[in-house]
Amino acid sequence: MNGEYKEQDQCEARAGAWDGNGAGTSARTEAEAGGGDRAGASEGTRKEQVIEQVIRQVDEQSYFEGQGQGQGQGQGQGQEEGRGQVEGEGQGQGLVQGQGQMQGQVSTGTLPPVMVLFEHLAELDVSPGSGGSGIPGSEAAGALNPAVEPGGDMLLPFAFEETLCRDVGTGLVPPSVHLWSHPGGVALGLRDSKLPRAAEAMAELEGKGYRTAVRHSGGAAVPLDAGVINLSLLLRKSPGKLDFHDDFRLLASLITEAVAVSHPQAAAQIQAGEVAGSYCPGDFDLAIGGRKFCGIAQRRQSSAYFVHAFVIVSGSGLERGQLIRGFYDTAADGADALAYPRVIPQTLAALGELGGPASAAVFAEGFRLALARRGVHLQSAGQLRQTAGYSLQYADPRVLEAARVLRERYAR
C-alpha cells in the first residue's frame, strides 16, 4: 500500500447522547393483546403500525444534548492523538468531541441510493436458555461460514474495512455495508494495551480460547463472538465534512428500525446515552431498561469514513461483562488511579434477553430490511464482481498487508 491517504480517528466519540424516546412499551403488550385496542385489525397490521410509529418517532427526534465529556484517557480530555496512516507515514490527529454542551436541530442523515453489501458472518446463533453464549467454551453447536475461520485472525475484519474504505473514497467501489462476526475473541483499545499487565491478561484470554488484538479505531475492550453482529456503513466523505453527529444518530436509527422489523415493542424502548459500568462506554450506547446491547464508533480517512456498531444479539450479556471485567482485573493489577472502564457485568445484556431478536440471522435480516425501507438498494458483493470486476476478500493480499501493518503499529 502506498500510504497516500491520511486518516483521522473518530472512535467511541462522546459526541452527545441521542435522546431516544423510550416509550416504555412492554415488549409483549400489543403482541398478546389480541384485538382489544384495535378491534378488527390483524396481528400483521398492528405490527406494521408499531414499526411505522417507531420509525416516525426516530425520524422526528430533533435534539442533541451533549454530555461534554471527551474520551481522552477515558476521563474527559478533549483530544486524543490518532495513530496516523496504516503505512506509518506520519500521524493523524484523532479529534474527540471536547468539553461543553451542544444543542440544536439535526437530521437522521441520508444514505446513498445504492450500497454494496459485504458479509462475513459466523453462522452460529444462541438463544437464551440454550446452554451457551456463543463464546468459546459454550455448549452451543453450529456451522461456521467458510469465510470466517474458527479462531481466525482478529485483525482481518478491521483490515478489510480499512482497505474497503480507501476504495470507497477513491470511487473504486460504491458506498458499502459490512456485516461481520468473529467466532470468539476480544478486541482491545490502544489504552487497554498499555495497562501494566495487559500482556499477561491477553495471554489469559488466549489460553481460554479467545483471540485478542488491539484495534486501530480506539475505544476500549469488547468481546466478539458469533452472537455479536458488527455492522459498518462505509461512506464517501463530503468536502469539509467534520461533524460526525448525524452519522452516529443515523446508525442508531437504523439499528432501532432493524429491531422493529421483528420486535417493534422492544424497539420502542431503545434509548441512547452512556451506560455507566458497561464495557467500551460512550454517549451512543444503546440500551433497553438501562442495560446496554450496542456501542457505536467511527473512523475517518481523508476521502471516506465508516461508522461502526457492535450489537449483542444472542447469548449472555452478563457472561460477556464478566469476561471483560476479568481482563481489566488482571491488566490493571488493582491500580485504581489508572483510567479504564470499571465494568459492572449486570449492565450488559443481549437483545434476546431484552425482549428483542435472539437470533443473529434475524437481526441481520432486519438491518437489511431497515436499509431497504430507507430506499437503499443493496447490491451483493457477488453482483459487483460480475458487473464491475471488483472483488475484495479477507484473503486479498491488500487486506493481509493491512492486517500486518496494523498488528505492528498497535502491538504493545
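Analyst: A residue counts as buried under 20% relative accessible area, as exposed over 50% and as partly exposed in between (1.4 Å probe, protein chains only). This is a predicted model, in which local features need pLDDT of at least 70 and side-chain atom pairs count only at pLDDT 80 or more, while totals for chains, interfaces and linings use all residues. Residues are numbered from 1 along each chain as its sequence is written, and side-chain values use heavy atoms, with hydrogens and water left out.

User: Is Glu-365 buried, partly exposed or exposed?

Analyst: Glu-365 forms a salt bridge (a Lys or Arg side-chain nitrogen within 4 Å of an Asp or Glu carboxyl oxygen) with Arg-368, their closest N and O atoms being 2.8 Å apart. Because its relative accessible area is 37%, Glu-365 is partly exposed.

User: Which residues are linked with Glu-365 in a network of salt bridges?

Analyst: Arg-368 stands three residues from Glu-365 in helix α8 (a DSSP run of H or I, at least four residues), so about one helical turn separates the two. The network joins Glu-365 to Arg-368 and Glu-119.

User: How far apart are the closest N and O atoms of Glu-162 and Arg-166?

Analyst: Both residues belong to helix α2 and lie four residues apart, about one turn of the helix. Glu-162 counts as buried because its relative accessibility is 0%, and Arg-166 is also buried, at 8%. The two form a salt bridge whose closest N and O atoms are separated by 3.5 Å.

User: Which residues of α10 are exposed?

Analyst: The buried residues of α10 include Val-399, Ala-402 and Leu-406. Seen down the helix axis, the buried residues fall within an arc of 170 degrees (taken from the directions to the C-beta atoms), so they line one face of α10. On the other side of the helix, the exposed residues are Pro-397 and Glu-408.

User: Against which elements do the buried residues of α10 pack?

Analyst: Thr-163 of helix α2 is in contact (heavy atoms within 4.5 Å) with Val-399 and Ala-402, among others, leaving aside its neighbours within four places in sequence. Both Val-399 and Ala-402 are buried residues of α10. Taken together, the buried residues of α10 pack against α2, α3 and β7.

User: What is the relative accessible area of Arg-211?

Analyst: The side chains of Arg-211 and Glu-206 meet in a salt bridge, at 3.9 Å from N to O. Glu-206 is partly exposed at 34%, and Arg-211 is partly exposed too, because its relative accessible area is 32%.
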